[in-house]
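Let's take a walk through this model together. Keep the viewer open while you read.

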Amino acid sequence: MSAGSGAAAAAGTATSALCLLLSLTAVAVCLLLGAKTAELQGRLAALEERGAAGTGPLLDALQPRVERIFREKLGEGLAKLRTAREAPSDCTCPPVPPQPFRSGALTPNFLAAG
């Protein structure tokens, strides 16, 4: 055996050991997280059971107010209906809000050209 093949064998063994160590660490972390998740689910179920019995009157009292606020917010978010403007079909100019003109004031270019 030469010195080069011995070093390559040692490097291969070290790499295999590192891969085994990382795999075992990943399995341990998965098991730990699974146990923590099960514990949290149990605590949540216990809280839901305890809270379900005592919140009936509170929810009944708040329900009308929540529904009223929900209807207000829903009404604000709905799209406003737009009415079609009265313009000839060959008109391609954008709609302009009416503006009062004083006598002697300059008229905008788009009104002077029409």
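This is a predicted model: local features need pLDDT of at least 70, side-chain atom pairs count only at pLDDT 80 or more; totals for chains, interfaces and linings use all residues.

**Helices all the way along**

Residues are numbered from 1 along each chain as its sequence is written, and side-chain values use heavy atoms, with hydrogens and water left out.

How confident is the predictor? Confidence is highest in H1, at a mean of 89, and lowest in helix H3 (residues 109-113), at 53.

Now for the surface. The protein exposes about 10600 Å², with carbon and sulfur atoms supplying 66% of it; accessible areas come from the Shrake-Rupley method with a 1.4 Å probe, and for residues only the protein chains shown count as cover. Of the 114 residues, 0% are buried, on a scale where buried means under 20% relative accessible area, exposed over 50%, and partly exposed in between (1.4 Å probe, protein chains only).

Look next at Leu 18, which sits in helix H1 (residues 3-54). Together with Leu 21 and Leu 22, Leu 18 forms a nonpolar surface patch of about 310 Å² accessible area. Patches take residues with over 30% relative accessible area and no salt bridge, joining like charges within 9 Å and nonpolar side chains (Val, Leu, Ile, Met, Phe, Trp, Tyr) within 5 Å. Leu 18 counts as partly exposed because its relative accessibility is 48%.

What about charge pairing? Side chains of opposite charge can pair when their charged atoms come close. The whole structure has one salt bridge, meaning a side-chain nitrogen of Lys or Arg within 4 Å of a carboxyl oxygen of Asp or Glu. Glu 72 makes it with Arg 68, their closest N and O atoms being 3.3 Å apart. The two residues are about one helical turn apart, because they lie four residues from each other in helix H2 (residues 56-77). Glu 72 is partly exposed at 43% relative accessibility, and Arg 68 is partly exposed at 39%.

Methods: pLDDT is the predictor's confidence in each residue, from 0 to 100.
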